[in-house]
Amino acid sequence: MTQSARFTVRPSLVRRIALASIIANVGIVVTGGAVRLTASGLGCPTWPRCTDESYVSTAEMGIHGVIEFGNRLLSFAVGFVALAALIAVLLHRPRRRSLVLLALAVLVGIVVQAVIGGITVHTDLHPMIVGIHFVGSMALLVLTYALWRRIGESDGPKVRTVPGPMYALVWITTAVSAAVIVIGTLVTGSGPHAGDADAQRNGLDPETISQVHADLVFLLIGLTVALWLALKAVGAPPGAVRAAAMLLVVELAQGVLGFVQYLTDLPVLLVGLHMLGACLVWLATLAVLWSTRERPPVGPVTAPPAGPGDPAARADRELAPAG
């Protein structure tokens, strides 16, 4: 047995580590929200040290220091999972350049996010920097989700499994979902949960920006309903129809949660759940995007690709790798 074969990592293990990376990145968003919602954003008043004299929180800093320092420690855990994913794809045989680049991008992204987190501290939790930090987490979810899905795919070119106009609708839905997240950060920047009693707000009128956010949510739900019905009408792959239905369910739950938190003056528990919901909506959106295309194995083409409603195409998809 060769040395490389002895340390080969199975695809199933690589996929589980990639899934753990997704979960870890969602978790750091939730715990980061807890830091802000408990007004612990400046519990460690500097970065990378917790204080000018100590890398760790001290007893004098109280519970806020413990919460902020605890979140910083969790960042190391997220980085460790990303490093494990990179090592796993390096040991996987055959080694795939696409997976290595994705895993490396995740690890670099986590380092960049840590630096942005430090900038938020040095700018006294400026709402625009905090918003960029949150959007950066959504970008990391794209990378971790892509890594998880690509493990079950070949490195062949992407092929649509739905008609062109339907694929365009998927991308429009994805763009609106991203816009909902970005505007949501502006809503947060105008609201009361700043992370510290002295942190500034972005100056936007909370009611106006919340209405813009709600309008985009209604647009997103409408697009998702249209997408779900259209996918069913054209006989799209069952996985795509299920992904669209799941996105709609998650959006409705998130929408109800958003309205309840707004009408009840933003209780911290509901705001925290809403942040979790934002991650789930984004992941469900990515699932729809991935479910409407596939990567057939690289090889000679002996026949033109079948349409999405063709029974042969459905059979091929059922035999394709998971993901």
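**Aromatic contacts in a predicted model**

Mentor: In this predicted model, the charged end of R15 sits over the ring of W148, 4.4 Å from the ring's centre.

Trainee: And which residues form an aromatic cluster with W148?

Mentor: W148 forms one aromatic cluster together with Y145 and W290.

Trainee: How many aromatic pairs are there?

Mentor: The count comes to three aromatic pairs. In one of them, the rings of Y145 and W290 have centres 5.4 Å apart and planes at 75 degrees, which is over the 60 degrees required, so this pair is edge-to-face.

Trainee: Where do Y145 and W290 lie in the chain?

Mentor: Y145 belongs to helix 5 (residues 127-150) and W290 to helix 9 (residues 268-291), so their pairing ties together parts that are 145 residues apart in sequence.

Trainee: Are those two buried or exposed?

Mentor: Y145 is buried, at a relative accessible area of 6%, and W290 also counts as buried, with 10% relative accessibility.

Trainee: Switching topic, what about F218 and F259, how is that pair arranged?

Mentor: The ring centres of F218 and F259 are 6.0 Å apart and the planes meet at 40 degrees, so the pair is classed as tilted. This pair, too, links distant parts of the chain, with F218 in helix 7 (residues 206-233) and F259 in helix 8 (residues 238-263), 41 residues apart.

Trainee: And is F218 buried or exposed?

Mentor: F218 is exposed, with a relative accessible area of 52%, whereas F259 counts as partly exposed at 41% relative accessibility.

Methods: Residues numbered from 1 in each chain as written. Predicted model: local features only at pLDDT ≥ 70, side-chain atom pairs only at ≥ 80, totals over all residues. Heavy atoms only, no water. Phe/Tyr/Trp six-rings, centres within 6.5 Å; stacked < 30°, edge-to-face > 60°. Helix = DSSP H or I, 4+ residues; strand = E, 2+ residues; numbered from the N terminus. Buried < 20%, exposed > 50% of the residue type's maximum accessible area, 1.4 Å probe, protein only. Lys NZ or Arg CZ within 6 Å of the ring centre and 35° of its normal.
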